[in-house]
Amino acid sequence: MFINEKESRFIEHQKTLKGFQNLFPNTSEMSTIEEDEFISLIDFYNDDMADKNKDILISELKLWQRKILALEKQPKNAMDALTICNDMYPNIYKLLQI
């Protein structure tokens, strides 16, 4: 029973943490958004989000990904990304802080 609970807990957190990967697209083409993973992430941090509407959050993520992909040098980590994140992406900024 303990092992089953431990596995289910880690599997749930793994899905949530995979949502952070959407903040860092890694190809020259538009990165596909894993909506299930991103929605799991924003559900987990719902109290911290400036906006609660999932459609707005996904749209903000798409704009953020376009901005990142348009840069000559893409950020390698959250600290680098925070320096280029502005007021246009309040929810992305909060996720990068987390």
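**View A. Tryptophan 64 and tyrosine 89 are both buried.** Welcome to this predicted model. We start with two rings whose centres sit 5.4 Å apart. Their planes meet at 70 degrees, so this pair is edge-to-face; the label applies because the angle is over 60 degrees. The pair joins distant parts of the chain, as the two residues are 25 residues apart. Tryptophan 64 belongs to helix 3 (residues 54–70), while tyrosine 89 is found in the loop between helix 4 (78–84) and helix 5 (90–97).

**View B. Phenylalanine 44 and tyrosine 45 form an edge-to-face pair.** The structure holds 3 aromatic pairs. Here, the ring centres of phenylalanine 44 and tyrosine 45 are 4.9 Å apart, with planes at 85 degrees. Phenylalanine 44 has a relative accessible area of 48%, so it is partly exposed. Tyrosine 45 has 17% relative accessibility and therefore counts as buried, because the cut-off for buried is under 20%.

**View C. Phe20, Phe44 and Tyr45 make up a cluster.** Ring pairs are what link Phe20 with Phe44 and Tyr45 here.

**View D. A patch of negative charge lies on the surface.** Which residues gather in this patch? They are Glu34, Glu35, Asp36 and Asp55. Take a moment with glutamate 35, which is part of helix 2 (residues 35–44). Its relative accessibility is 40%, so glutamate 35 counts as partly exposed.

Definitions and conventions:
Residues are numbered from 1 along each chain as its sequence is written. This is a predicted model: local features need pLDDT of at least 70, side-chain atom pairs count only at pLDDT 80 or more; totals for chains, interfaces and linings use all residues. Side-chain values use heavy atoms; hydrogens and water are left out. Rings of Phe, Tyr and Trp (its six-membered ring) pair if their centres lie within 6.5 Å; planes under 30 degrees apart count as stacked, over 60 as edge-to-face and the rest as tilted. Buried means under 20% relative accessible area, exposed over 50%, partly exposed in between (1.4 Å probe, protein chains only). Helices (H or I, at least four residues) and strands (E, at least two) are DSSP runs, numbered from the N terminus. Patches are made of residues with over 30% relative accessible area and no salt bridge: like charges are joined within 9 Å, nonpolar side chains (Val, Leu, Ile, Met, Phe, Trp, Tyr) within 5 Å. Accessible areas come from the Shrake-Rupley method with a 1.4 Å probe; for residues, only the protein chains shown count as cover. A salt bridge is a side-chain nitrogen of Lys or Arg within 4 Å of a carboxyl oxygen of Asp or Glu. Lys and Arg count as positive and Asp and Glu as negative; His and the chain ends are not counted. The place of a charge is taken as NZ of Lys, CZ of Arg, CG of Asp or CD of Glu.
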